[in-house]
Amino acid sequence: MISVLQPRECKVTKKPQNTYGFYLRVEKDTAGHLIRNVAKNSPAEKAGLKDGDRVLRVNGVFVDKQEHAQVVEIVKNSGNSVVLLVLDDASYQKAEKEGLNLEELGQKVSTRQQQEQQSPPSMVNGATTAVPQPRLHYLVKEEKGYGFSLKTTEGQKGVFIVELSSQGAAAKAGVQNNDRLIEINGKNVENDTHEEVVEKVKKSENHVMFLLSNEETDHYYKSQKMVLSKESASLTLLPLKPRLIEIQTGENGYGFYLRMEQNTGDHVIKDVDADSPAATAGLKDNDILVAVNGELVRGLDHESVVGKIKQSEAKTALLVVDKETDAMYKLAQISPFSYYYKAQDPTPAKMEERVELHTEQNVNHKPRICKMVKGPSGFGFSLNMIKNKPGLFINEVKNHGPADTAGVENNDFLVEVNSVNVMNESYDKVVQRIQDSGDRLTLLVCNKDAYEYFQDQNIPITASMADPVYDTSEPPAYTENHSSEPERNSFEPRERASSSSSSQSAASTRADSDNSDDTKL
């Protein structure tokens, strides 16, 4: 009986901001998830979907018995392309009447997707497809575990996801059968053994972040000599998103306190006034501030962040995350700003637009974190810039000096000083930051090739991209004090509050006993 039933696989690809051109419904007294109202000339019609079709699988996951809301969510999380295995109305009713196993019915269907993976993406529905990307998936363990198995195959690199439970945690997170594991919780596992990968998943306890690639993506990246990494990943399947809050100032300001937590460096929203502009815009107590008006605030001191908010005068745009979202992005070792940044231009570059970039050598470009302790002659490097050109670069790195020992190299471009991005700061301001560092200094740097690569691809350079820290462990037994440098004190909250009191008309500041600073905005 099974042989007469012909499920069809339809790969539907839409343009960003557009729809697929069909409705997915459940109807009273009618079994299955139904395709309805297929629009003429829509991606759905061009892919072969027909009114009354029943959806058996979405991206390889059997969904016929799942709740409708779950199926809708899987389709939504597929981004701009989704693969649907469907059965026409008459065949579905026949299968139901004869009690056939619909899950088995779809398992042996040869897929167009597998055929397409033999060549780079070109045309789907008459249009150029988006460049394939690795994907980040956040899995939350359920009572029966994560709902998948791991497999290694002789002659194939890596560990693969198999035996995906249709209603398990992995399937709900958008994981697909035969996905290959690239990273677990931000760490590359491509060269790990099967046992090492299993152990890392177990150690993740109840939450785990996977960076995954499928055969199509592997083929494409290999053909273009590109390296798979989270920096190029699609974030659309992550369940938790940062929130962009746009606030108009009121008579009494925005109506919240901003606190810098000294133990984490986070800038946290506190005491949002009821009915204030902040509350009306959706700002919540304990939200963590990621960016102000498109500028990252991680690593900035309290006064600098307050200053950025006050610069906006009539209104400000705050990118924030709640604690759960913050924890998820930290697990992936990426900034929530990455999601916001990619959302501004959700269309991956097309093949012809990126062909020049794909001629790059097979190099995994990464910045480097370099920690150093000042020596008798300083940190052992000079800072330079070229007039009318962006970027500061390092030269005259002294052999065996603190900078050299920490991994700094001549012609490195400077990205951060003590976790503060300085790429758009003036030369004098950056020099002052370094001088104000005292005896310890942390730099984020990258070589010229990496710098130009990130600039060309418009990828923000962050410390999360770097390998483990170069560190010159112990400080020297001596400490230099130059009369031209101010004495460095550990500023107490009381002193910070006092230093802010001269601008009470713009903001009020309070000091708590828990080593944190609060400013009313």
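Which residue in β20 is the bridge partner of Val292? The legends below give the answer. This is a predicted model, in which local features need pLDDT of at least 70 and side-chain atom pairs count only at pLDDT 80 or more, while totals for chains, interfaces and linings use all residues. Residues are numbered from 1 along each chain as its sequence is written, and side-chain values use heavy atoms, with hydrogens and water left out.

View 1. Leu318 is the bridge partner of Val292 in β20. Strands here are DSSP runs (E, at least two residues) and helices are too (H or I, at least four), numbered from the N terminus. Two strands pair if DSSP finds at least two bridges between them. β18 (residues 288-292) and β20 (residues 315-321) pair in the antiparallel sense over 4 bridges. β18 also runs antiparallel to β19 (residues 295-296), joined by 2 bridges. In β19, Val292 has Glu295 as its bridge partner. β18 is mostly covered, with 5 of its 5 residues buried. Buried means under 20% relative accessible area, exposed over 50%, and partly exposed in between (1.4 Å probe, protein chains only).

View 2. α3 spans residues 89-98, and its buried residues are Ser91, Tyr92 and Ala95. They fall within an arc of 100° seen down the axis, so they line one face of the helix. The arc is that of the directions from the helix axis to the C-beta atoms. An α-helix has 3.6 residues a turn, so residues three or four places apart point the same way. Exposed Ala90 and Lys97 sit on the face turned away from the buried side.

**View 3. The ends of α3.** Asp88 caps the N-terminal end. One of its side-chain oxygens lies 3.2 Å from the backbone nitrogen of Ala90. Just after the helix, Gly99 takes a positive phi of about 70°.

**View 4. Phe210 and its contacts.** Leu181 and Phe210 touch the most other members of the largest nonpolar core, which has 39 residues. Such a core is a set of buried Ala, Val, Leu, Ile, Met, Phe, Trp, Tyr and Cys residues joined through side-chain atoms within 4.5 Å. Beyond its neighbours within four places in sequence, Phe210 is in contact (heavy atoms within 4.5 Å) with residues including Phe148, Ile161, Leu181 and Val201.

**View 5. Asp326 in helix α11.** Asp326 lies in α11 (residues 323-332). Asp326 is buried, with a relative accessible area of 12%. Not counting residues up to four places away in sequence, Asp326 touches Asp266, Ile288 and Val321.

Note on methods
A polar contact is a pair of N or O atoms within 3.5 Å; within protein, one must be able to donate a hydrogen and the other to accept it, and residues adjacent in sequence count only if both atoms are side-chain atoms.
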